[in-house]
Amino acid sequence: MAFPDGMTVRPAVVGDAEAVWALLNQVDEIEVGRAFTDLAEVEEDLGHVSVDLERDSWLLHDGDGRLVGYGLVRDRSAGERINLDQYLLPGHTAAGLQLFELMEARAAELARRNGAERAVLHLMLTARPTIDTEALAGRGWQRMRRHHVLNRDVDPKTDPFPEAPAGLRLRACASEDDRRTVHRLIHETFADHFDFQPRSYQKWCTDTGADSADWSVVWIAELDGHGDVAVLRTRDDRSDMPWASHIGVRSELRGRGLGGYLLRYFFAFYADRGRTRVGLGVDTGNATGAPALYRNNGMVLDFAVDTWELIVPAA
């Protein structure tokens with residue numbers, strides 16, 4: 001495929017991580033107003049066991065050899081759902097669309113390899129992306145869902161550790177059995193969420209990097225008479241801010257203040273650790289009351305992210 005204006009495309013290699021990181025932060029600054037992608041995140045993506053860099057990644061260079069675009073196809077579902085990432089500097093729409101053509105074809109191939117009859121492609125873009133969304137819609141992509149990235153300043157003086165609801169005990173994830181409980185609780189409490197992809201325990205561990213994760217910042221809540229009922233899964237490996245990946249309560253026990261307790265524990269733990277701001281993402285269509293819970297506990301909008309979808313026959 002010939003790209004316009006002398007532009008070239010090639011697969012990425014692990015050694016390209018710093019160049020890709022610089023590009024992603026350029027895009028962050030344009031779209032959100034600050035750079036927030038860490039080098040470790042890029043290295044993790046490029047080195048992930050599920051990624052075949054030769055076939056699943058693309059680097060787009062302009063005629064002067066400057067990196068202006070990056071694409072990655074990620075098959076984490078082992079089914080029809082395939083994730084696409086594309087980052088593009090402004091002014092390169094035509095080349096970006098050609099890059100999409102290559103990425104879509106590869107995604108369809110992966111879905112067929114998984115035994116699926118179609119490929120359901122998902123792409124996450126900020127609400128004000130550098131990519132031309134009208135041109136993207138012209139390829140058949142549709143905006144499906146909006147998520148909000150929320151954050152909140154935390155301080156030990158204003159965010160002490162909360163008192164647990166009666167009969168509730170919180171324990172850090174410390175064993176293989178605990179990890180399996182976290183996997184089960186996430187699958188139970190997020191099963192009805194948009195785009196949730198159920199995975200076996202082993203695949204979930206592979207996809208989430210369980211072997212290198214810090215499990216001391218993951219907690220399980222046990223309630224008298226009910227067993228393990230809730231999970232708080234966080235991470236503190238980003239320079240920007242600690243992140244709550246999952247705050248989940250079993251459906252029959254919602255409305256008892258368990259989610260609010262876990263949220264405030266999240267605030268207090270990282271305030272005590274010396275961090276000054278924390279964040280999480282929430283589906284604006286979430287029907288569990290989570291958006292109101294976060295808003296009522298002082299979390300504010302940082303930026304919005306849209307899920308775009310394209311469905312194509314498996315190649």
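With which side chain does the side chain of Arg81 make a polar contact at 2.8 Å? The partner is the side chain of Asn83. A polar contact is a pair of N or O atoms within 3.5 Å; within protein, one must be able to donate a hydrogen and the other to accept it, and residues adjacent in sequence count only if both atoms are side-chain atoms.

The model is predicted, so local features need pLDDT of at least 70 and side-chain atom pairs count only at pLDDT 80 or more, while totals for chains, interfaces and linings use all residues. Residues are numbered from 1 along each chain as its sequence is written, and side-chain values use heavy atoms, with hydrogens and water left out.

Arg81 belongs to strand 4 (residues 81–88). Strands (E, at least two residues) and helices (H or I, at least four) are DSSP runs, numbered from the N terminus. Because its relative accessibility is 9%, Arg81 counts as buried; buried means under 20% relative accessible area, exposed over 50%, and partly exposed in between (1.4 Å probe, protein chains only). A further polar contact, of 2.7 Å, joins the side chains of Arg81 and Asp195. Leaving aside residues up to four places away in sequence, Arg81 touches Asp75, Val120, His122, Asp195 and Gln197, where contact means heavy atoms within 4.5 Å.

Attention now turns to strand 8. Because 5 of the 6 residues of strand 8 (residues 218–223) are buried, this strand is largely enclosed by the rest of the structure. Strand 7 (residues 168–172) runs antiparallel to strand 8 and is joined to it by 5 bridges; two strands pair if DSSP finds at least two bridges between them. Strand 8 also pairs with strand 9 (residues 227–235), in the antiparallel sense, over 6 bridges. Ala221 has Leu170 as a bridge partner and Ala230 as its partner in strand 9. The hairpin of strand 8 and strand 9 has 3 residues between the strands, and Gly225 there takes a positive phi near 85°.

Aromatic rings come next. The whole structure holds 12 aromatic pairs. Among them, Tyr201 and Trp204 form a tilted pair, with 6.3 Å centre to centre and 35° between the planes. Rings of Phe, Tyr and Trp (its six-membered ring) pair if their centres lie within 6.5 Å; planes under 30 degrees apart count as stacked, over 60 as edge-to-face and the rest as tilted. Both residues lie in helix 7 (residues 201–208), 3 residues apart, about one turn of the helix. Trp204 is buried, with a relative accessible area of 1%.
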